[in-house]
Amino acid sequence: MNIEERKLYPLKFIPEPFEGGRHLLSDLRAADSVAAAGWLGGNTLSELMETYLERMSGPVGFEYYGTQFPVSVREFAVAGEYPLVVNPDDTVALERYDAFGRAALWYVAEAEENAVIYCGFKEQLSGGQLFERAAEGSLREAMNAVKVVPGDALVIAPGTVHGASGHLKIIEIAEASDLFFLMDEDIAEALDIINLEPSEPEIHHGGVLADRPEFKVTERVLDAPLRYLSDEGRSFQLYLCLSGGAAAECRGDGGEAVTVRFAPGEILLVPADVEAFDLIPQQQGARVLEIELPPRSESDSYING
């Protein structure tokens, strides 16, 4: 059997450390994740995408993102102040940088008392006021300061200034892009993409944490195995284990059972090509973050539009 015709299987990836955190899954310049085991072990995510195309990401993901895997996942620690940043949307990123934009979800894995995430402005600002506050270091005073606890998740839309302070660990799920702007360095370049209107942070705890065109994220508590069956247009499924441990089981080329276990802190990618699989808790009440790509409308074209 030609290697490109073999059935794909659930893939674990080797975390890649960076200062203050780890890339858990990435197909970017900052990191290109390496598959951990099986006959695809040793291949990078970008190599897998170049070879298996929509069999990896699914038809919707491939039509919009091409050979770029659609999302990235990383975790990082905040001890003190995390700088204020803002991300562009797809339109601006394409027109100016020939890149994708960067919607994101911040999931709070750990948080000490008084840990805060800053997200959007609580009052109307003009461009001049933004410049002035950024220069004098008072921009956080104009922002929504959300006291967070473990399990909280904040959706960060493109154009939303965000940051953090205190001691906490954040899992970031984001549209696959290296683009972001630091408010203390890049404000002139980013000014026209910043949402200066007052906004309310979008905070979730448990269940569906985000349902955007760029990704859908659900926190699942596994009290029993879940069965997933393929359907037309299904995307990849990503699972990040939060507690308890889990496993994905499917059938290999010869009909044999293929089981891949992943422990807390590990991430598992089930390619779209996997026709059916069971997600099995290793302990009752195991918790995972499930990440997938929802259907897009025909008007949401990017690569092939």
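**Close-up views of a predicted model**

**View 1. Pairing of strands β1 and β19.** In this predicted model, strand β1 and strand β19 (residues 267–270) run antiparallel and are joined by two bridges. Leu269 of β19 is the bridge partner of Leu11.

**View 2. Pairing and side-chain faces of strand β1.** Strand β1 also pairs with strand β4 (residues 34–35), again through two bridges and in the antiparallel sense. Here Ala35 of β4 is the bridge partner of Phe13. In a regular strand the side chains alternate between the two faces of the sheet.

**View 3. The open sheet of seven strands.** The strands follow the order β4-β1-β19-β16-β21-β14-β13, with antiparallel pairing. Because β4 and β13 (207–211) each have a single partner strand, they stand at the edges, and one side of each is left without a neighbour in the sheet. Elsewhere in the order, strand β14 (residues 216–222) runs antiparallel to strand β21 (residues 286–292), and seven bridges join them. One of the residues involved is Val221, whose bridge partner in β21 is Arg287.

**View 4. The nonpolar cores.** The largest nonpolar core holds 38 residues, of which Met56, Phe69, Val73, Leu105 and Leu238 touch the most other members. Helix α1 (residues 45–52) supplies the largest share of this core, four residues. A second, separate core comprises 19 residues, among them Tyr118, Phe121, Ile187 and Ile194.

**View 5. Surroundings of Val73.** Leaving aside residues up to four places away in sequence, Val73 touches His23, Leu24, Leu25, Ile171, Glu172, Ile173, Leu238, Leu240, Ile267 and Ile291.

Terms used. Residues are numbered from 1 along each chain as its sequence is written. This is a predicted model: local features need pLDDT of at least 70, side-chain atom pairs count only at pLDDT 80 or more; totals for chains, interfaces and linings use all residues. Side-chain values use heavy atoms; hydrogens and water are left out. Two strands pair if DSSP finds at least two bridges between them. A nonpolar core is a set of buried Ala, Val, Leu, Ile, Met, Phe, Trp, Tyr and Cys residues joined through side-chain atoms within 4.5 Å. Buried means under 20% relative accessible area, exposed over 50%, partly exposed in between (1.4 Å probe, protein chains only). Contact means heavy atoms within 4.5 Å.
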